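Hi everyone, thanks for coming.

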Amino acid sequence: MKKFVEAWILYAEKDIAAAIETNKGQSLTNIVAFHCQQAIEKYFKAYLLEKDKPIIKTHDLILLYGMIKEIKDLKINEDLLALINKTYIEERYPGELGILPDGIPSVQQAGDFLEFARELERSIKKELL
């Protein structure tokens with residue numbers, strides 16, 4: 001594995017660790033969602049870099065996954081990915097409705113996002129190691 005890919009993975013692992021730690025309470029579901037989105041973005045970029053694909057400056061998980069699907073279909077839950085994708089910008093700042101169409105993620109949604117990120121972590125690592 002390329003050294004700079006290892007760095008992307010290390011940072012993704014830190015986002016997963018932050019999401020796990022933050023998920024212990026019920027009031028920080030938006031922070032859990034944000035760290036999950038960030039981890040997924042970093043794992044996608046690590047995968048693309050390892051496959052010698054250029055990294056574009058984007059936080060759009062759908063776009064990044066589309067680039068990956070040109071190489072390999074990881075067979076992930078694309079509906080859940082689309083929901084997690086909505087948490088990036090809006091999560092950081094208060095809005096009229098919150099970070100998702102229904103507002104701040106529920107405890108269940110935060111747990112689903114975290115499980116999705118951890119499953120992706122295992123899948124990407126399996127592909128790259």
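Predicted model: local features only at pLDDT ≥ 70, side-chain atom pairs only at ≥ 80, totals over all residues.

Before we look around, one term: when I say polar contact, I mean a pair of N or O atoms within 3.5 Å, and within protein one of them must be able to donate a hydrogen and the other to accept it.

Now the overall picture. There are six helices and zero strands, and along the sequence that reads α-α-α-α-α-α. Of the 129 residues in the chain, 43% are buried. The chain exposes about 7,300 Å², and 53% of that is supplied by carbon and sulfur atoms. If you take contacts between residues at least 6 apart in sequence, 61% of them join residues at least 24 apart.

Let's go inside. The largest nonpolar core has 34 residues, and the ones touching the most other members are Ile-40, Tyr-43, Phe-44, Ile-76, Leu-81 and Leu-120. Which elements give two or more residues to this core? They are helix 1 (3–22), helix 2 (29–50), helix 3, helix 4 and helix 6 (107–128). Helix 2 provides the largest share, with 11 residues. Take Phe-44 as an example: setting aside residues up to four places away in sequence, Phe-44 touches Leu-61, Leu-64, Tyr-65, Ile-68, Ile-76, Leu-81 and Leu-120.

Leu-81 brings us to helix 4, residues 78–85, where Leu-80, Leu-81, Ile-84 and Asn-85 are buried. Why do these four end up on the same side of helix 4? Because they cover an arc of only 145 degrees around the axis. And here's the cap I promised: Asn-77 caps the N-terminal end of helix 4, with a side-chain oxygen 3.1 Å from the backbone nitrogen of Asp-79.

Is Lys-75 buried or exposed? Lys-75 has a relative accessible area of 68%, over the 50% cut-off, so it counts as exposed.

Two more stops. Thr-29 is in helix 2, and its relative accessible area is 4%, so Thr-29 is buried. What's around Thr-29? Apart from neighbours within four places in sequence, Thr-29 is in contact with Ile-104, Pro-105, Ser-106, Val-107 and Ala-110.

Finally, Leu-128, in helix 6. Leu-128 is buried too, with a relative accessible area of 9%. Leaving out neighbours within four places in sequence, its contacts are Met-1, Val-5, Ile-9, Ala-46, Tyr-47 and Glu-50. With Ala-46, the two C-alpha atoms are 8.9 Å apart, although the residues are 82 apart along the chain.

Technical notes
Residues numbered from 1 in each chain as written. Heavy atoms only, no water. Buried < 20%, exposed > 50% of the residue type's maximum accessible area, 1.4 Å probe, protein only. Arc of directions from axis to C-beta. Contact = heavy atoms within 4.5 Å. Areas by Shrake-Rupley, 256 points an atom, 1.4 Å probe, with all protein chains shown as cover. Core = buried A, V, L, I, M, F, W, Y, C linked by side-chain atoms within 4.5 Å.
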